[in-house]
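Hello,

Here is the structure I promised to pass on to you. Please have a look, and then read my notes below.

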Amino acid sequence: MTQVLNAAVREAGLPGHWPWRVEVRPRRRTLGLDVLPDGTIVIAVPTRITPDELTNALQDRRLWLARAIRRRAELAADHPAKELVDGEGFTYLGRHYRLLRVAAPATPVRLRGGWLQLSSEAGGPEIIEWYRTRGQAWLTERVRSWAGRVGVEPPHVVVRDLATRWGLRTRDGSVAFHWATIQLPPDLLDLVVVHELVHLVVPRHDEEFRRRLMIALPEAAALEARLGEEGRRAWMGTVRDL
Ligand SMILES: [Zn+2]
């Protein structure tokens, strides 16, 4: 089967420098496309897809793929690496803080008077865990607050590392957010939240998805443009060694 499907993908005539692989997923009902951080396109297909359907679906979504690949490349290029030294800049809810190493504080990481205080014993993992915990509280509250306006039951919220994605739906109906989102300003966090909540009703980025997104958040298009810019500058956890 895989050979037939591989031939169907080649038939779609995607650019030769786009790496891809086909994964057959018995539980899927529709074609799924994802672009991994390294640029590989994962083509997830349901068992009963025909070669023609696969070829056509890929041709239909070629523009979307080109955009997704470009975005991945930009993301990879822009995210800063941080040095964990006094004065290094960190962002929390869109505000800027300077790092200050302190000896034996009560907690490994805390905000105090414009400083992000980090224990001299702690490092990148503790900062990430701090963002994750803050994100869990903030995003859980925002999901609860937006769910009614989107017309869904508030789902369970998970905050973790999602590689290059801000949010996604999990198979069990939860929504997951990247720990790095909590660096973004509150209005961009709301965009990420509403986007995932609308996905609970409409899985794909089709017209119905846009319609519902714009009803819930009329300024969504402007926020998306800002997320594209500001999101690229978020810290994704890379620490530069001195
Ligand atoms: Zn989406």
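First, some housekeeping. This is a predicted model, in which local features need pLDDT of at least 70 and side-chain atom pairs count only at pLDDT 80 or more, while totals for chains, interfaces and linings use all residues. Residues are numbered from 1 along each chain as its sequence is written, and side-chain values use heavy atoms, with hydrogens and water left out.

Let me start with the aromatic rings. The structure holds 6 aromatic pairs (rings of Phe, Tyr and Trp, the last by its six-membered ring, with centres within 6.5 Å; planes under 30 degrees apart count as stacked, over 60 as edge-to-face and the rest as tilted). Phe90 and Trp235 form an edge-to-face pair, because their ring centres are 5.3 Å apart and their planes stand at 90°. This pair links distant parts of the chain, with Phe90 in strand β4 (residues 89–92) and Trp235 in the segment after α7 (220–231), 145 residues apart. Helices (H or I, at least four residues) and strands (E, at least two) are DSSP runs, numbered from the N terminus. Both Phe90 and Trp235 are buried (buried means under 20% relative accessible area, exposed over 50%, partly exposed in between, with a 1.4 Å probe and protein chains only).

Trp235 also pairs with Tyr131: the centres are 6.4 Å apart and the planes at 50°, so this pair is tilted. Here too distant parts of the chain are linked, since Tyr131 belongs to helix α4 (residues 124–150) and lies 104 residues from Trp235. Tyr131 and Trp235 are both buried. Ring pairs join Phe90, Tyr92, Trp130, Tyr131, Trp179 and Trp235 into a cluster.

Arg149 lies over Trp146 at 3.9 Å from the ring centre, and Arg61 lies over Trp64 at 5.3 Å.

Next, the salt bridges, of which the structure holds 13 (a side-chain nitrogen of Lys or Arg within 4 Å of a carboxyl oxygen of Asp or Glu). One of them joins Arg240 and Glu83, at 2.7 Å from N to O. Arg240 is in the segment after α7 and Glu83 in the loop between α3 (62–78) and β4, 157 residues apart. Arg240 is partly exposed at 43%, and Glu83 is partly exposed at 22%.

Asp190 and Arg142 form another salt bridge, with their closest N and O atoms 2.9 Å apart. Asp190 sits in helix α5 (residues 186–199) and Arg142 in helix α4, so the bridge ties together parts 48 residues apart in sequence. Asp190 is buried at 11%, as is Arg142 at 18%.

Arg210 bridges to Glu224, again with the closest N and O atoms 2.9 Å apart. Arg210 lies in helix α6 (residues 207–216) and Glu224 in helix α7, 14 residues apart in sequence. Arg210 is partly exposed at 32%, and Glu224 is partly exposed at 25%. Salt bridges with shared partners also join Arg21, Glu23 and Arg25 into one network.

Finally, Gln59 lies in helix α2 (residues 51–60) and is partly exposed, with 40% relative accessibility. Leaving out residues up to four places away in sequence, Gln59 touches Glu11 and Ala12 (contact means heavy atoms within 4.5 Å). The C-alpha atoms of Gln59 and Val9 are 9.3 Å apart, across 50 residues of chain.

Best wishes

How values were computed
A charge sits over a ring if NZ of Lys or CZ of Arg is within 6 Å of the ring centre and within 35 degrees of the ring normal.
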